[in-house]
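Colleague: I am new to reading protein models. Could you take me through this one, feature by feature?

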Amino acid sequence: MRLRTLLAIPDLRLELITGHDELDRTIRWVVTTDLKDPGRYLRGGELVLSGLVWRTRPADTEIFVRALTRARVSALAAWDAEAATIPADLVEACDRHGLPLFRVPEDVAFASVTEQVMRRLSTARAADLTAVLGRHRTLVAGVTEGAGLGPLLDLVGRDLGMRCWVLAPPGRLIAGPGELPGSLSPADLTRGFLTAPRLPAVLPGPGLSIFAVSPDGTARVADWILVCEGDCTEWPAERRALAAELTAIVAIERTRSGERSNAASRLARELVRLVLAGAPAAEILPRLELAGLDTAATLVAVVAGTRDTVRPAELHRLFREILPAGSAVGLLEDEVVALVPAAGPDHDLAAQVRRALSVLAPGLTGGGIAVGVGEPATVEGLRGAVTEARHARRLAADGTGPVRVVGPDALATHALLLASVPDDARITFRDRLLGPLHAYDEAHHADLIPTLETFLQMSGSWTRCAARLHLHVNSVRYRIQRVEELTGRDLARLEDRVDFFLALRLR
């Protein structure tokens, strides 16, 4: 906004006293001050309003005007209500320093000047930026590639004074100035986004507004996030419109990102189908190369599924985000299957996936997400690696909590065997062995099953089991004898102990 526009606002009736040759100066902001030296609070381009309370003698005027000039303010608008005038020494100092001076009418409040100027500044900036964003969206939506989100967010920050960030799950920074306000992390913003009852939302404390990029039913855990400085509930209509435009552009970029990944996803799906079909290595190797994988490298199979509100396509998009770059991630029916380059013996991929998904846990409901991670394998062992990861995923599905990840360490335990047994067989085995004990405990308020479990944990030691349960050894012997009588088993036999151990794990 230029100074000549300020003169043209009819409701203000400002009078220009000095600076007739400087009317093309632009106003960036409005500041009201009665400090004699306000220079440290000014950044340049301001319209300064002052009631001249700071002036106790003519010498104060030079200090005040020099401070404004050094700060490169655009103009001074003043009125001394007590003296009902503008002092001549102030007019002379402003003229000498080349600082435009306006007289504010006695019946016009400084608040009115601020409101009128800021309204025009906000409207002009929002209109200009909305036009720029509109052009950018046209470019991004067209055949040619857009300039990307980074320069766009730089534009918003520079011209509107509002820093913005775009994040992908589970808090990966896609674009923005880098540092976040205070001690916030991308994971903090993701959790705030996932737990907000409605969007857009204002994150308490730092004053950040969070927007969903795809408010079309996409599960939040798989969505991108737009974060802007400021409380959106206090924004004028123009700034809210600009945020909506910016969100639309980010949504287009998100769609384009998905489209660029579609070809890679199709290649990954066909690659996994070949592996599971038992195709020879000579047929798999070219597909590995097409998928961008090193044909000589070892690969780790990752399989994920969900009974959550996250749809399979969204789960697929989510794992494209959280798995390392260069992974081949495909969707086979309702299961995500990925081949990930092994990063070395000290790298724990299962722990990495668990950490990433734990950030998203507040947004998961129902059955959560179950993930299985297999052992590293070469091309000849890929079929077995994917099969192992599938078994591990089924084992994870039997767990509790919103995020369940089973790594290769669990694949050599009894848990893998239990996971591969059909549900009806597992239930039958458990109920036939433990059913009589459950019935006895309920009828007699006994603790045969807890005693049996502790006895097995203590490797059949009567004294250690009695100490753990705070019982006499004879009481433990009596309870174990009742277990044997009710089930027809002998706990001195290893086979029967193993059966009880497995049955207890199926509860």
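Modeller: Start with pairing: two strands pair if DSSP finds at least two bridges between them. Strands (E, at least two residues) and helices (H or I, at least four) are DSSP runs, numbered from the N terminus. This is a predicted model, in which local features need pLDDT of at least 70, side-chain atom pairs count only at pLDDT 80 or more, and totals for chains, interfaces and linings use all residues. Residues are numbered from 1 along each chain as its sequence is written, and side-chain values use heavy atoms, with hydrogens and water left out.

Colleague: How many helices and strands are there in the protein?

Modeller: The protein has 17 helices and 15 strands.

Colleague: What is the order of the open sheet with mixed pairing?

Modeller: Its five strands run in the order β12-β13-β11-β14-β15. The edges are β12 (328–332) and β15 (403–406). Each has a single partner strand, so one side of each is left without a neighbour in the sheet. On average, neighbouring strands here are turned by 15° against each other, direction ignored. Angles run from 0 to 180 degrees between N-to-C directions, and axes are lines fitted to C-alpha atoms, for helices over the stretch in contact.

Colleague: How many bridges join β11 to β13?

Modeller: Six bridges join β11 (residues 299–306) to β13 (residues 335–341), and the two strands run antiparallel. Leu299 is opposite Pro341 in β13. With β14, β11 also pairs in the antiparallel sense, over five bridges. There, Ala304 has Val371 in β14 as its bridge partner.

Colleague: How many residues of β11 are buried?

Modeller: Buried means under 20% relative accessible area, exposed means over 50%, and partly exposed is in between (1.4 Å probe, protein chains only). In β11, seven of the eight residues are buried, so the strand is mostly covered. Across the protein, buried residues make up 45% of the 507 residues.

Colleague: Which strands does α10 lie across?

Modeller: Contact means heavy atoms within 4.5 Å. Helix α10 lies across β11, β13, β14 and β15, and runs at about 175° to β15.

Colleague: At what angle do the axes of α9 and α10 cross?

Modeller: The axes of α9 (residues 312–322) and α10 (residues 349–360) cross at roughly 120° and come within 11 Å. Angles under 35 degrees count as roughly parallel, over 145 as roughly antiparallel, 65 to 115 as roughly perpendicular and the rest as oblique. The two helices, α9 and α10, are therefore oblique to each other.

Colleague: Which residues of α9 and α10 meet?

Modeller: From α9 come Leu318, Phe319 and Ile322; from α10 come Gln352, Val353, Ala356, Leu357 and Leu360. By class, this contact has seven nonpolar, one polar and no charged residues. Ala, Val, Leu, Ile, Met, Phe, Trp, Tyr, Cys and Pro count as nonpolar, Asp, Glu, Lys and Arg as charged, and the others, Gly among them, as polar.

Colleague: What is the order of the open sheet whose pairing is antiparallel?

Modeller: The order is β7-β6-β10-β9-β8, again an open sheet of five strands. Its edge strands, β7 (172–175) and β8 (201–203), each pair on one side only. Neighbouring strands are turned by 35° against each other on average, direction ignored. Helix α6 (residues 186–195) packs on this sheet and touches β6 (164–168), β8, β9 and β10 (225–229). The direction of α6 makes about 65° with that of β9. Three bridges join β8 to β9 (residues 208–212), and these strands run antiparallel. Leu203 has Leu208 in β9 as its bridge partner.

Colleague: Now loops. Is Thr33 buried or exposed?

Modeller: Thr33 is buried, with a relative accessible area of 8%. It is found in the loop between β2 (29–32) and β3 (46–50). Leaving aside neighbours within four places in sequence, Thr33 is in contact with Pro38, Val48, Leu49, Ser50, Gly51 and Phe64.

Colleague: Where does Gly381 lie?

Modeller: Gly381 lies in the loop between β14 and α11 (382–397). Gly381 is partly exposed, at 29% relative accessible area. Gly381 and Leu299 are 82 residues apart along the chain, and their C-alpha atoms are separated by 9.4 Å.
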